Every structure is written in C-alpha cells, then in structure tokens.
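The sequence and structure come first.

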Amino acid sequence: MKNRERILKYLSSTISDTEAKKFEKELASSSLLKKEFDEIKQRLNKLSGNAKVEIKTGEFNKVLAGIHERKMVNKPLFSLKRASAFVFVITIFALVIFRSQEDDSQTDNRTEYDFASINDSSLLNDAADFIELSELNNIYKVDHSFQENIIPDEYLGYAFGENIITLDEIDILLTDNEYDQIYNEIMQRTIL
Amino acid sequence: MQDDRELVERFLGGDDKSFNQIARRYQKKIYWHALRMVGNHDDAMEVAQQVLLVVYEKLSTFKFNSSLSTWLYKITSTRSLNYLRKKKVKTFLGLESAAEKEDSKSDVFKSFDDKEKIERVINLLQKLPAKQREVFILKNFEEMTYKEIHEITGKTIGTLKANYFHALKKMMELTDEE
C-alpha cells in the first residue's frame, strides 16, 4: 500500500492542519486512496471491536474480596516467609554484583547477551527496556526536554547521529532505512 | 444513580459501601485496561486488585481536578507499567518464567469465540513496546483524545502523536503478517 504512511500520519495527527486538509481533499477525490484508507480503518475497528465483548461479572467479586482480605490481614513487617524472601533476594544481588566485579577483571570470560543476534521482536523490546537512557545519551545526542522515561524503541524515532531532530522533523528527515540503522546500532551493543 | 463525587464524599464520610459502588462501576474498565497492558487474565486481575487498593487508600487525596475515571486510568497505567517492569526483572533474574502465567484456566469471557478473538488482539498488543501500547490502547480502544491521554500519562501531545504513529505502523505490519 503506497499511501499507508500518509494515511497513518493523518490518523495519528502527525501532520499539520494544512496537510490534513490537503489529505482530506484528496481522499474525497481519489478512489484508490479512499480504498486504502477504508481498509486501514476497518483493520483498526476490527482490533478494537472486542471492546464490546460481554464478560462475566462474577469473576470480579474475587477482586473486591481480595481487597477486603488485604485490608483485613495485618501482616507482620517481617514474617518468616518475607524474611526468607528478603535474604534470598539479597543473596542473588550479592552474587550478581560479585560476578560482575569478577567479570570486569576478566573481560574475556564475561557472559554477554548479544541482542543483535536475537530475531524475536518481543525479546528485542524486552532487551531495549534494559538499556539505560543515560547510556544511550552517550551514543546519540538527544533533546529529552519533551520526554521522560521513554524507551528506546520510541526514542529511536527522535535522534539520528549527532543531529538533534525535533518531533516535527522526524517523519521528514528519517527514512525507514535510517530508522533501521539506528535500531540495529543500539541492538548491536552488548549488555552484561 | 449517584454521581462519582457524591459516592467519594460518602466514602470519605465513613460509608465503606460507597467504595464498593465505585469499585463495581469502574472495575471492568480497570480490568480491560490492565489486561491489554499486561497481556493475561491473572496478571490483569492482580493489577486490578492493586489499583482498587490504591484507590481505597488514596481516595482522600483525590481533589476532582480531573474526572475520577481519568484518575483511575492513570493509576491503572502506572500500576500496569510497574507490574511489567517488575516481571521483567524477575524473569531476568530467573525468578519467574516468562510463560509462567500464560495458560491461565480462569477467564471472564462469556463465549469461547470472544476469548479467541481477544487473545489474538492481546497477543498483538504485547508485541508493541509498553509505552506505545499504552497510547494505542487509550486512543484506539478507549477512544480518548490526546489531551485526555496527556492527563493520564503526563507525556506531551507531540510525544503521544509520535508514539501513536509508530504503534499504528507496527500494528499494520503485524496484521499484514496474519
């Protein structure tokens, strides 16, 4: 679909009012554009169609019952179960820290997760969540004034190389290939 | 039917039953939003419970600067994102298997067809990065405006538009593959 990008920009309002009016005018006159537009709308409607699905209400009584239970049960701050879990977590963290210090001195032996070799996109998304924004800042110069806690997959749309790209420029300046290039560069970084 | 403000005031005045009315009024919305965010029934029920517990404890701080519904979506979004983050850390440390809760036997759907349709959509949603997913859900399923989503997420309108654009693009690619 050659008009898909334009249609999605229109639907997400990422184009100016003037461009939107121009698009609407074209939509009224071009049967091809209209056909593609309707197909996309239909697909989105199909996705959101389940909002009308009927659900059993009885199941929710468990939620209210659970709240009541949590309110009523006065758990001691450090029950045996909690204390054991606490000790377990501390031990795990101590081991992780110990291992990472050991690995720092023996770089060749360290365990690395090479996210570039992972083909599953959901795993890549997971991996992206572990890359700190501050770390990414060392690679790309980004204007973060308008965003906080943004995860890399979204962030990729905003920066390229040493240039700062404003939100309005993203779609004009970045081609799909450039987008892929940034994505691959970040994913090729190895993370301990 | 009593309006939200009246119910909140009665609850704050000591009438615990009013809270049940608030919970019953909004629990489906909370559940649906949580389900779409976290991807399975058991986790969504856990998030819904956490949300209502927070509401119970913090309702006295709610000043009606926004609607009660907006406030509830805000808490649900935050709780869902935190839940996902914690789950990832647990999975990363090997404390929980990623697929551990996916085969829940319990569900709330009346028909099997509905269940299948919903699972398909929920699985597609899980392929979006969490924050794109959040905007996509609020825009596409809850039919909210960017201004309303801004009130919930705190993100600027420009960022939300870009997130939604990328979410739409990815969703189209995913449905192309089907």
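At what angle do helix α6 and helix α8 of chain B pack, and how far apart are their axes? Helix α6 (residues 130-141) of chain B packs against helix α8 (residues 157-176) of chain B at an angle of about 90 degrees, the axes being 8 Å apart. α6(B) is therefore roughly perpendicular to α8(B), a class covering angles of 65 to 115 degrees.

This is a predicted model, in which local features need pLDDT of at least 70 and side-chain atom pairs count only at pLDDT 80 or more, while totals for chains, interfaces and linings use all residues. Residues are numbered from 1 along each chain as its sequence is written, and chains are lettered from A and ligands numbered from 1 in the order in which they are written. Helices are DSSP runs (H or I, at least four residues), numbered from the N terminus. Axes are lines fitted to C-alpha atoms over the stretch in contact, and angles run from 0 to 180 degrees between N-to-C directions.

α6(B) also packs against α7(B): their axes come within 10 Å and cross at roughly 135 degrees. That angle makes α6(B) oblique to α7(B), oblique being the class left after under 35 degrees (roughly parallel), over 145 (roughly antiparallel) and 65 to 115. The table lists the residues in contact (C-beta atoms, placed from the backbone, within 7 Å).

| Helix pair | Residues of α6(B) | Residues of partner |
|---|---|---|
| α6(B) and α8(B) | B:K131, B:Q132, B:R133, B:V135, B:F136, B:K139 | B:L160, B:N163, B:Y164, B:H166, B:A167, B:M171 |
| α6(B) and α7(B) | B:E134, B:V135, B:L138, B:K139 | B:I149, B:I152, B:T153 |

The contact of α6(B) with α8(B) comprises six nonpolar, three polar and three charged residues. For α6(B) with α7(B), the division is four nonpolar, one polar and two charged.

In helix α7 (residues 146-153) of chain B, the buried residues are B:Y146, B:I149, B:I152 and B:T153. They line one face of the helix, because seen down the axis of α7(B) they fall within an arc of 115 degrees, taken from the directions from the helix axis to the C-beta atoms. Just after α7(B), B:G154 has a positive phi of about 80 degrees.

In chain A, A:Y10 belongs to helix α1 (residues 4-11). A:Y10 counts as buried because it has 20 C-beta neighbours inside 10 Å; the cut-off for buried is 20 or more other C-beta atoms within 10 Å. Beyond its neighbours within four places in sequence, A:Y10 is in contact with A:I15, A:A20 and A:F23. The C-alpha atoms of A:Y10 and A:K21 are separated by 9.7 Å, the two residues being eleven apart along the chain.

Notes. Buried ≥ 20, exposed ≤ 12 C-beta atoms within 10 Å, placed from the backbone. Helix = DSSP H or I, 4+ residues; strand = E, 2+ residues; numbered from the N terminus. Contact = placed C-beta atoms within 7 Å. Nonpolar A, V, L, I, M, F, W, Y, C, P; charged D, E, K, R; others polar.
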